[in-house]
Each structure stands twice: as C-alpha cells, then as structure tokens.
Amino acid sequence: MKREIPLLITFIVGVVLIVSVFVPPTETLGEDFSVFFDIIAVFAFFLGGGNLVQSHFSKARKRQTDWGYSIVTLVGFVAMLTIGLFKLGNPGGISAPPTAEGSLFQEIFDFVIMPLSATMYSLLAFFVASASYRAFRAKNREATILLVAAFIILLGRTPFGMLVTGWIPESFDILQIPNMAIWIMNSPNLAGQRAIMIGIGLGVVSMSLRIILGIERTYLGGDD
Amino acid sequence: MEHVALWIAAFLTLGIYSFLYKDNIWYKLCESIFVGISAGYWFVVLFWDNIYGKFWVGVFPPKAYNDAGELVNSAEPDYLLIVGAVLGVMMISRLIPKIGWVSRWPLAFIVGSTSGLYLINYFTSNMMRQVEATIIPLFGMNYELSAYDIIGNLVIVIGTFTGLVYFFFSKEHKGWFGRTAKIGIWTIMITFGASFGYTVMSRMSLLIGRIDFLFGDWLGLIK
Amino acid sequence: MSTRAKEILVIGIVLLFSIIIYLGKVFGWVEVIRFSPLVSMILIGILFLALLYILVLTLKGHLIERRAVFLFVAISVALPFFMTISQSARISPEVQQLYDNVSELPKGSKVLVSFDFDPPSAPELQPMAESFLHYCLLNDLKVIIMGLWPQGPQQANLAMDRVLKKEDIIAKKLRDGKDYVNLGFQAGNEFVIKGMGADFSSMFKSDYSGNSYHDIEIVKNVKNFSDIDFAFNLSAGYPGTQEWVQIAVDRYGLSMGAGNTAVQAPMMYTYVNAGQLKGLLGGIKGAAEFENIVDYIGKGTKYMLSQSFAHMIVIAFIIIGNVAYFKNERGKKKKH
Amino acid sequence: MHVGKSTSLYLPQLFFLFLFICNFLLLSLVYAQTDDPLLNSEDSSVAIPDSELVVVAPVTSLIAEDYKYDDGKQINLSWVPSIDDQLVGSKVLGYRLFRIIDDGKPELLAKLRCGANSYSDGKLKSESVYSYYLEAFSKNFIATSTRTVPISPEREWINFDRKYLFLLAFIIGGAVIFFIESARRGKKLFVRKIAGLEAVDEAIGRATEMGRPILFIPGILDMNDVQTLAGITILGRVSQQIANYDTKIRMPVSRSLVMTAARETIKAAYQTAGRPDQYSDDMVNYVTDEQFGYVAAVDGIMVREKPATVFLMGAFFAESLILAETGNSVGAIQIAGTARPAQLPFFIAACDFTLIGEELFAASAYLSGEPKQLGSLKGQDVGKGIAMAAILIGVLAETIGTAWNVEFMNDVVRWLTILFTTQ
C-alpha cells in the first residue's frame, strides 16, 4: 500500500496534466500545480534547513575536524533567519518586503552574498584559461572539429579576427574570420542544436512515460 | 559603515581567490559564511514569496478600501491553494518516523506533475517546433540566395538529420549507418565549439570587475 | 611551523599590507599608481616573453602547473589597469550613429532605457549605462528605466547613483519621478515588451520605490511606445536586444539603439545594417568609444586593455597547448 | 540565479517568426475583404489649418469573435482602420476602444495607435454579454463606429487546434508503450552501447579499490525540472551498484526537495541490494539554494575528501566548468550529463565521459538493463524516425515546390507544416 498510493498519485497527476493541454477549462492546471510546488518546496526547506542545522550542530558538538566552521555556518544561518523573518532593521517594519532597500537583510545580501557570489563566478575566468591550456586538445577528430569551431568563433568575436584576415578581398569575404564565425553560428551550430533539442524532446517523452506508468520508480523508496 | 562594508567584501573576495592556490582556512571561513548566510537568505525570500505571497494572500486576500472607507475590489479567495499546503505539511511528516511514508505522496505529486507538464512542453517546443523549423527550401526560384546561403541550408538539413542518426539507439554505429552518425557527431561538435567560443570570452569580464573592485574601490590604487 | 600557523601568517601579512595601503588611500599618502607608456610597453614585453617561456616549457613536455596558469591570468588582467597606453580614438560608425541619434533629440524628449543584464555582465555594460545616462540627464532628456532581468533595475540604481554624484548633474537639481524614473523589473520576457506596446501601465503598476505609475509625473502621458522618443537597450542575452528589435522596433516602430556584451554584439550588426537599430555599442570597446565621444571619463576606457589581454591569453593558451600537443604526439609516433 | 542566458537563443526567434506569419496571414485576410484603404484615400499631405474641423471616417467591419478553444475568457476584435488612417500625414490620431458589459455603461478599454486593426480582450466571464465599439479621433473630431452584436465568450471542452499535437504525441507515446509491452512479453530488443554508461561500473569499481568516496551532483535545479528528475533516476541505478560494491556515496544538494527524493532513492537502492543497514541519511545533505554558495561548498568537499569518482547529472549553468575543473584537479574520474548545450562543451573538455542531451534521459533505462525499460528507448527511436522522415520529405518537397513550382509538392509541405505546427 505504502508504495501503491504514491504510484497512483504520480499516474493520475501525470495523466491529468497531459490531458489538460487538450481541454481548455483545465489549461491553467499546470500553473496551479506549479504554485503547489512552490508551497511544498518551502515546507521541504524545513527538512533541508533542519538537515543543515543538525549536521553542523553535531559536527560542532562532537568536535570533529573543522568544527569551528560549522559554528560560523550555524551563526550565519540563524542570524539571517531571525533578521529576515522578523524583518529586523527594516525601515518599513513588518509590512515592508524583506528585501526592501536599506533593510539590514538586503544590506547583508549586498555586502556579503554579492561579493562572494561574484568572486566565485569570476573563478570561471581562471578555469577557462586553465582548461584552454590543458584540456582543449585536438586529441581526435571530434576534438579537432570542436577546437577549430571554437577557435574561429573566438577569433571572430575579438578584433584579432579582422586583423588576421581583413586583407581577404570582398568577393571571398566568407573567408574573413568574423563572417565565418557568423556562418558557423547560423548554420552548423543551428543544425547541431536542433538535433540535440529534438533528441531531448523525445528523451523527455520517454522518461516521463516511464515515470507516469510506474516503470521507473526508484525515487519512491523501499517497501518499509 | 562604508569602510566596514568595503573591508568585508574585500576580505571575502580574497578568501575565495585563495582557493586557487589551495584549500586553506581563509577559504573555509568564507565558504562557511557563504553557505550559512545564503541558505538563510533563500529560505526567508522563499518564505515571504511563496508561503506569504502566494499561499496566505491567495487564501485570505487582503481587502482593499478606498479613501471613503468602502470595500473595493476584493479578490476571490483561492481555496485550491490549501491542497498545496496540505501536501507541504505531508512533506514534513518525515520528521516523525512512524508516519514518514506519507511524505512520499507530495513527492509522487511533484514527480508526476513535472513529468506530465514537461512531456507535452518538451514535445512541442523541442521536437515539433524544431522539425517544423528545419523544413526549409534549400534553394528556390523566388529567392535571392548566395552560394553560402544554399550551402548553409544544406548544412542545416544534413546536420540535423545526421545528428538524429547519431542519437539512434536501435542500431550499432557500423557501416554506412556509422558513417552517417559520424557526420552527426561532427555537427554536434561544431555546436559545442561554437558555444564554447561564445561563452569563454564573456567569462573573462567577470574577473575584470572583481579586480577593479580590489584595486580601485578598495585599495584606491587605480582611478 | 604547522600549516595552519603558516596560513594565518600569510593572511596576516596580506591584510597588514592592505591596511597600510587602505590607510594611505584614506589619508592620502598613497597616490594612484600609473605606469608610464615606456614601463607599460616593457611590462607587455615581459608578459609576452613569459608566454614564450610557457610555450617552450610546454614544447619540452612540461605542462606548467594550474596555479602558474592562474597567476599568469591574474597578473595579465590586473596589470593593464595601471598602464597608460593611448588607444586609438577612432570612433566606429555604429557608435557615432548612436551619438548622432541621441544628440538630435530635442530637450525634454523621453528616453527609455532597459537594463537587461545581471552583475556578471556589469563590467561590460555598466560603463555604457553610466555614460549614456549621464549624457541624457546632462542634455535635459527624460530617462525612463526598466528591466527585463530581475537584477537589471538594481544595476540601474548603481549607475544612477554614480551619475547623480557628478558635479554637472548635481547642478541640474534633478528630481526622481520628474526627470528620471526607475520602473523596476517585470517578469515575462518578450511578453513584457508586447504588453508595453499596448499599455506601459499594464506592465508596470508602480516604480521601483513603490509610487503608483499614474502618480509619476514623467510617465503620466506615456501610454505606449508611441510616446517614447528613443530607447536604449543594454543586453547580455535573452531577453534582450533581439526581442526588443523584433517586437518594439519592427511592430511598434520604436526608434532604438543598443549596448551589448562583446560576445553578443556581432549578431546585432545585421540589425544595424538593416536600420532596425539606430546605433550599437559592442562590449567594453564600444563603451570606451562612447565615453570618448560624450567626453565622460568612465570605466570603459579603463577596462578595455584588460579585456583585450584576457581574450588574447585564452587564445594564446589554446595555441600553446595544441602546438605542444602536436609536436609531442609526432615525436611519440616517430619513436614507435 | 544566472539562468538561461546563452542558450535557446533562436527559440524566441522561431516563435516570433511564427507570430509574424500569423499576423501577416491575418492582415492579408483582412485586406483581401476590402480595398486597400491606403490606395483609395486622397492625398492628404496638404497641411490642415488649426481652425478647420478635421473630419475623419469611422472604422468599418468591426467584428467581435469568440476566441475559439479557450475556457471562455477571450474575445477577439478585428476591424478595417478608418480610411483617414494613413502612414504619412494621417488625419486620424488614434482609436479608443469601448466595451459594454451586459448593457451597462460603455467603459474605455484601450487607446490604440494608428494602424491598429485588432485587439484581444482577455479575462472575460462566459456568463456575461459583451459589446464593443471604436472611436477614431482626429485633432477635434470623433467618429464612432457601429456597435458589435453582443456576444459572450464560449467555453469549449476540447481544443481541436491541438489535434495534430495529440496525434503525434499519441503515435510516439504509443510507440514507447508498445515497445515496453513487447519487451515485457519477452521479445529481445537490441540497444547499442553508450560509452559514458558503460564506464559507470568501472568508475564505481575504481572508487572501491581506492577506498575513496563517490560524489554525486544532481545539478542545481529543483525537482520541477526534468533534468533533475533524470539525475535522480540515474542515482537510483548508480547507488544500487554502489551498495553492491559497498562503497561510500556523498551527495551534497542545493534543494531540499532533491534531498528528500535522493534519500528515498538511495535507501531503496540499498534495500534492493540487500544492505539496508548500510544506508544512512548522512549520505545526502542539503547545502544552500544559492548557486555559487553551493558551488563553493562542493569545491571544498572535492578538495578535502578527494572523491575517486564524480557524477554530474542534471541541470548545470555557469558552475559546470568550476565543478568539472576542480574535480579534474583532484584526479577523479568524472561522468557528466546535461541537456544544456551551452554547458556541454565544458563537460566534454574536463570530464572523462559526457552524456549528451537525450542520452541523459535514456541513461537510467539503459543502466537498469531491464528489457521493458530498454523498450522505451525503442519508442524514442520511432519518434526520431518520424522527425527524420518529416525533415527529409519536407525539405525535398519544399525545394522542388519552390524551385519548380510544383503544386503537389507545395501541398505536401503545407500538410507537413500543419502537422508540426504548435500554436
């Protein structure tokens, strides 16, 4: 029973949503369900946030390696919750949105989360360089093709491209790298994108059907 | 206050960059601050947006009064949302091991609705629309097409077709089929090369922004 | 000494130096560092030699360490900030075109500026935003700001704050809601543009600070795109310039220019050529040129060299990696 | 969240192309009914003195129609603009659209600019009756059109506009189910090898030998994304293998719901493998919803715990390369899969095996090795066959049709376009 009911729910909800596309009065059902999802996601956070608190708390209590950082995480988490849920330091009081300008909550976001997030994101610049140096090798024919296409686009999007091939006469202007870059973007790139997308579309249909029909049920857990 | 904010931001920025050398206490500190504060941030935002903004306001719509104190334009309460809340409460039943199995219901609901919703969505936007878009004339009397355009059209059609051959599961990639699939994977590789070239350059400006912050806003060494 | 102690020591030293420099900044002991053109050229030469050294090492089969790559990237992006190298002041035609179109607007014209990007693209687009807003406000154009990306309006506020602090702007005594307004973000991508085609107020009930649309003086008589004299779109992807052109320009006849990230700009030239876009700023280079033409000293000029360096390094690394790979592979084949 | 910045750039393009075509067709229909007003009108480039009354003609042929195949919420209006509404030197300055609900007072619905010839009125109620009229106004004159016959929007129960969508979905969905059924009855089905998935066993075995953990990253989106769902189904197969080998799995996640689902999945896998006692909730832990906060934590875990094997299966954005490069630097074997074309090149560069798009969704079926699951992959192939046939026939027919004007070929194209058109 504990397993059959969830399977039935998945089946019914899935089928209803598929059918709703063809039945105008129920067309908005998908949107309603996505609101349900938003609400469930917040409740689920009690489990996620609870897990965060519990794992760091036990780490700190057992004095495991790096337990000090767990305390930092816990303090940050609890402080942010208190400030945000009770809207402490919010000039608009409890009725203002939590992210109102000038509120303590938003200030912390601007001065702590923003720089951290931007810096973490900018690590990409380093990794891009290191991947360019170490990983983008013409190891086989596929990799060579990838590399050549990437290189043409790279050159085409910087002034170097024009610098290198600007001398090519007008009648062969397709050989100028910026034009080649545009051609690659519009033709072979488009073809590859489409093949991938059509494949994904069919893959989703098949996977969804497996799930709705209950053939794929690993996510539902055991029989206990 | 401005000084404190600058120093906090700079301290955190350098801490994250120190990871490039190796994992160290500075990075660990920044990481734990980041995790704790951002988890709290997102919960608060989600709580006010969804539980208050969508659920509470939906079920108990605020009554609007005009200047004369008359009730105007009161929205209809949407009691359907309570179903969502009930599913949400079922979710946290996991905390009580005895009835923990109830939490599979909302999970089943979510998985079912995601599958049902995306089945049609992906089918239309990814499959049907792409096939429709690929049905193009290679050349025609009425079109002014250069040789490049005709080759381009040909490449689009052949590339899409052979790309699909590559994804075929029912046949081993051997013989003529294998060769067609090869052309397909080459097209796909060009796509990847194009997205790589396209993305790589834009990533570099992120670093420029942070370096400007460190040397300009913070240390004031550059104007 | 334990690792932890060493780490603390290093962090302490870094922070100490920073404090000294910072205090120097606050009390004015430390001047802005600027390398003369000669020193700059020498530094560029050294960087080039370093690249050659990396090439030689790699050719010999020693892949240089990841950290060395990281260090090299950091140095070559940071150094250009201190360099004084005069760059060509040639203004591209599409930048000139944008300037011409904006400068022809009569005083009091309404300019719509859409911020369709987020912080990661800010180094490229923020300089454009600043110099453009500065030019508009200085020339008595009314600025209406909006965003199709959630973080766009915040970026707009950042740019606005900087512009409003300029002395020539302070002297104008501009007021929020009368001379400029930030309508904030609206979700819905291209459908927002479509909705605005019928009615602005249906998409923006209130501005960023919560004033009702109909109470804002500047937009009181703005019903839809026909009441907008010029639009400027700062875009880093989707939704962005493409959507604006396809809907607002093609369908509603809006006159508009755009600022794009360097990667996106080449795709937009077709729109410029077809006359759908009245001018285009592409990447930091476009921003620098516009700063030059409107005589606003901003970040575009400052970032330009760094960006060229960064792009060159990626290209150089790919070449080095592959040259070495081919040479070594060939060597291996000969041995067999 | 830095989402959807660089992919699907041409989707909106196609969408608008389609919209434009519809718009164009509608326009040509409207103009076909009457003479072109632009051609018939007098030359109005003569300047009009301020004092003179600018008389303009009202709009004609104002029609209100129920929008078909909806829930009874929308009425579409169309009309022929006033003949004084011209591109250059127009006397008409614009239009005002009025609506009358249930014989009530007319209310101003919208102000429209010159050249407008249609309007969609949404959010109506099917119980009410609506009537409309338009005013064309000049500087000092208003010309009112006739009122439309009162109508109420109707509620339809079946959307026949989507009959071809239904047909195609039915065929392909039916093919999937058919092959699942025939596999269940014992028919042998061949499925080719997928390199990335062949390597899964070896990758898990390697972790066991080295005594290091396996890291599983299900992307950064929540359970309402199909890629995450695919990641979780793959987790089901992988964790069963892990349970068999008795290796450690570590799974930091960025969404609470994913955490719950992943725990259920791994628990079930351990039960199936007959080692329920080995399972613990600590295998999966929630980190933070923040994209880069999560990345920072996962990077930390990678360098500290040095996993032997890393699975990256789900929806990835800018973090793809940060994660893959860090994983690479600690020497892990990495198997990645995502359906986002913009991130795939980074995975291809920095990971050992990459599942491209469709392969991600096929992976769990493939890994299970159960015939009925493999049957569903056959169904997908039918879909691909249909797509390929449509492209081939369509392109040939369209080329022949346009190049040599063969009517029959044009019919084929028209038919195919109708079949694959989504509204």
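**View 1. Helix α8 of chain D, with its run of buried residues.** In this predicted model, D:E319, D:S320, D:L321, D:I322, D:L323, D:A324, D:E325, D:T326 and D:G327 of α8(D) are buried (buried means under 20% relative accessible area, exposed over 50%, partly exposed in between, with a 1.4 Å probe and protein chains only). Helices here are DSSP runs of H or I with at least four residues, strands are runs of E with at least two, and both are numbered from the N terminus. Nine of the 11 residues of α8 (residues 319–329) of chain D are buried, so the rest of the structure largely encloses this helix. Just past α8(D) sits D:G331, with a positive phi of about 80°.

A word on conventions: residues are numbered from 1 along each chain as its sequence is written, and chains are lettered from A and ligands numbered from 1 in the order in which they are written. Because the model is predicted, local features need pLDDT of at least 70 and side-chain atom pairs count only at pLDDT 80 or more, while totals for chains, interfaces and linings use all residues; side-chain values use heavy atoms, with hydrogens and water left out.

**View 2. Salt bridges within chain D.** A salt bridge is a side-chain nitrogen of Lys or Arg within 4 Å of a carboxyl oxygen of Asp or Glu, and the count over all chains is 37. One of them pairs D:D121 with D:R99, at 2.8 Å from N to O. The pair links distant parts of the chain: D:D121 belongs to strand β5 (residues 118–121) of chain D and D:R99 to strand β3 (residues 94–101) of chain D, 22 residues apart. D:D121 counts as buried at 5% relative accessibility, and D:R99 is buried too, at 11%.

Then there's D:R192 with D:E359, whose closest N and O atoms are 3.9 Å apart. D:R192 is in the loop between α3 (163–184) and α4 (195–210) of chain D and D:E359 is in helix α10 (residues 358–368) of chain D, so this pair ties together parts that are 167 residues apart in sequence. Both D:R192 and D:E359 are buried. For D:E407 and D:R414, the closest N and O atoms are 3.8 Å apart; here D:E407 is partly exposed at 48% relative accessible area, and D:R414 is partly exposed at 46%.

**View 3. Where chain D meets chain A.** The contact (heavy atoms within 4.5 Å) takes 78 residues from chain D and 56 from chain A. Together the two chains bury about 5,500 Å², 71% of it on carbon and sulfur atoms; buried area is the accessible area (1.4 Å probe) that two parts lose on being put together, summed over both. There is one salt bridge between chain D and chain A: D:R237 to A:E216, with the closest N and O atoms 2.9 Å apart. On the chain D side, helix α6 (residues 256–272) of chain D gives the largest share, 11 residues. That side of chain D splits into 41 nonpolar, 18 polar and 19 charged residues.

**View 4. Chain A against chain B.** Here 108 residues of chain A are in contact with 101 residues of chain B. The pair buries about 9,800 Å², with 83% of that on carbon and sulfur atoms. Three salt bridges turn up across the interface of chain A and chain B, among them A:D38 with B:K54 at 2.6 Å, N to O. As for the side of chain A that touches chain B, α1 (4–20), α2 (29–61), α3 (67–85), α4 (104–134), α5 (141–156), α7 (177–186) and α8 (188–212) of chain A each supply at least two residues. The largest share, 22 residues, comes from α4(A).

**View 5. B:D212 in its helix, and the chain around it.** B:D212 sits in helix α6 (residues 175–218) of chain B and counts as buried at 2% relative accessibility. Setting aside neighbours within four places in sequence, B:D212 is in contact with B:D217, B:I222, C:F81, C:K299, C:K302 and C:Y303. Chain B has six helices and two strands, in the order α-α-β-β-α-α-α-α. Its C-alpha atoms fill a box of roughly 70 × 60 × 55 Å along the principal axes. Buried residues make up 62% of the 223 residues in chain B.

Methods: Nonpolar A, V, L, I, M, F, W, Y, C, P; charged D, E, K, R; others polar.
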